[in-house]
Amino acid sequence: MASETGTQERDASSRGTMAVDVARRTTSTRRKAAVYSLLGAVTVLVVWQLVSGFQRTAFDLLPGPAQVADRMWGFIVGDPSRGVASGTVFINFWETLRKTLIGFAAAVVFGVPIGILMGRYRYAKNFFFDLVYLAANVPLIVYAILGLLLFGLGDAGPAFVVALLVLPVISLNVAAGVEGVDRNLLTMSRAYGRPSRAALRDIVAPSFSPFLFAAARASFAASWKLAALAETFGGTTGIGVQIRKAFQGFSVADMMAWMMFFVIFVVLIERVALMRLERWVFRYRLKRGEDVLRY
Amino acid sequence: MGRSVTEQAPAAGAISIGSGARRRNPIVRFLVADRTARWSSRILLVVVWQLAGALSPRFPTPVETFSFIVDEFNRPFGDGAWSVWNNELVRNLFISIQRAVSAFCIVVMIGVPIGYAMGRWWRIQAYFTDIVMVGIALPAYIWALLGVMWFGFGFRAPVFCAVVSATPGLIVQVLQGSLAIPRELRDMSGAYGVPFRWQVRHLILPSMAGALIAGFRLAINAAWGCVVLVEWFGNNEGAGFRARYWYDVNNYNGLMGWGVIVLCVVITVDRGVVERIDHAVHRWRGRITSFGGTRTSVG
């Protein structure tokens, strides 16, 4: 399948454009898809512009794209007339990102062992199942309330709830990966007297690491949103606080500017950073022509 | 497929310890039984909750939380007289659920056709790719704040926000299900003029069922969470409003109580409705665990 690269345009175009492996698609199809994609973005902008012109409806308070872009620019380079320091965006995003990363790291540290146990032992699976299930189904607002109650104002609350949110996703995915381990390989490695640490590293880890990445990619956006929400509730720094300020000042334009930054940031991290990392980690699989990336 | 044989014979070294212990004495057997494992984790959870409540000045204990919920049930709603339906607990919950259900219906009506079309025609997929990606990246709570500013109190803000924040996730799931429809069968049924209704019944629904249910589950959770969020930020009734009300008067039992109620609704719907549908749809697959893999390994 992979050897037919670039020959069958119809095949390439009809297979999922975002389900990916862009290299397989021919240039012309890619260009066509980009045109349609651009068309979609333009439609949204036009509709936005039109709706923001409606008077005397709920959208009377909707600023147009130009105004929002202006506010965004102000948050980047500074806007003395409204008392915004330059680089406000970067400072606040870094604050939120820091908390998210701390939570994420904690979730990986605790989630991977739990996942391995869940995939390996029936007892552990039964023990952790309800806890993981519960943690996976808690609505974000309940997490935010929990963080506020447990830690009050400050940095600890957001990081803690991010860890709680990400942990079940990671454990479940790692467990699924471990369950898919080739048992014959394990038996063989035991028969040849390999230490179990080596088996863990060479057999178990490669089989769950794609799942781990899938979990990280799947939960990054949610964890980032939760960090901001928890900041809105009980934070002292970060974009959540900025958004709270915009809400309290009843400034729709400011809020939409932050919303756009949010999107840009999430897309940048997901599409550029995580995808690069994933491609790099799984380069051996890419060479074999397997699809690694998912939407 | 004869896999049940492997389950009864745990000799293959790499199988779990749980099955190996079945031959041991009754106390050990009791200690490692599935049910013991499940209940010990549940009890542990309550103990940790109790400890957190005892240690933290704000965090309520399980008993306080539960007694608050009972109190809330005994308070009449508004100025009316108390009845089983007319109390703060049931009425506010009912209002929120009503909003979430209407939002969910709209989400399904928008999300399923778009997701299916994206999997079917690549032009539509390319058209919506960026829109959906941006929609997923947008946080529900910014929508909630904007919705409160635009629509104010009432029915419209929660439903609007739930729709805009739950639809993209459903679209992605439906798209993946739609991509899983075997192309050959679809082309063939097109060539032989199979009516669309039959295609839906015998080809499209069976291959999309898993993804559809996963998408519905996501959409239900997202819609419910978003409705509560909007009510928290600005509304005069509903579960989120009630939580906010108690938070504003510094009653943390009330805050925790409503948090638990909101969570209970999610779990009841998930376990009681969605999971049952899932099982009914996937009966034919036989023994499949909740992890999505067959329980017995290829030994």
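**Two helix pairs**

Modeller: Helices α6(B) and α11(B) are oblique to each other, since their angle is not under 35 degrees (roughly parallel), over 145 (roughly antiparallel) or 65 to 115 (roughly perpendicular). This is a predicted model, in which local features need pLDDT of at least 70 and side-chain atom pairs pLDDT 80 or more, while totals for chains, interfaces and linings use all residues. Residues are numbered from 1 along each chain as its sequence is written, chains are lettered from A and ligands numbered from 1 in the order written, and side-chain values use heavy atoms, without hydrogens and water.

In chain B, helix α6 covers residues 88-120 and helix α11 covers residues 196-233 (helices being DSSP runs of H or I, at least four residues, numbered from the N terminus). The two pack at an angle of about 140°, and their axes are 8 Å apart (axes are fitted to C-alpha atoms over the stretch in contact, with angles from 0 to 180 degrees between N-to-C directions). The crossing of α6(B) and α11(B) is right-handed, that is, the near helix is turned clockwise from the far one by less than a right angle.

From α6(B), the residues in contact (heavy atoms within 4.5 Å) are B:Leu93, B:Ser96, B:Ile97, B:Arg99, B:Ala100, B:Phe104, B:Val107, B:Val108, B:Val112 and B:Tyr116. From α11(B), B:Phe196, B:Ile204, B:Met208, B:Leu212, B:Phe216, B:Ala219, B:Ile220, B:Ala223, B:Trp224, B:Val227 and B:Glu231 take part. By class, this contact has 18 nonpolar, 1 polar and 2 charged residues (nonpolar: Ala, Val, Leu, Ile, Met, Phe, Trp, Tyr, Cys and Pro; charged: Asp, Glu, Lys and Arg; polar: the others, Gly among them).

A pair in chain A may be set beside this one. Helix α9 of chain A, residues 196-234, packs with helix α10 of chain A, residues 239-248, at about 55°, and the axes lie 7 Å apart. Helices α9(A) and α10(A) are therefore oblique to each other, and their crossing is right-handed. On the side of α9(A), the contact is made by A:Trp224, A:Ala228, A:Glu231, A:Thr232, A:Phe233 and A:Gly234. On the side of α10(A), A:Ile239, A:Gly240, A:Val241 and A:Arg244 make the contact. The contact of α9(A) with α10(A) divides into 5 nonpolar, 3 polar and 2 charged residues.
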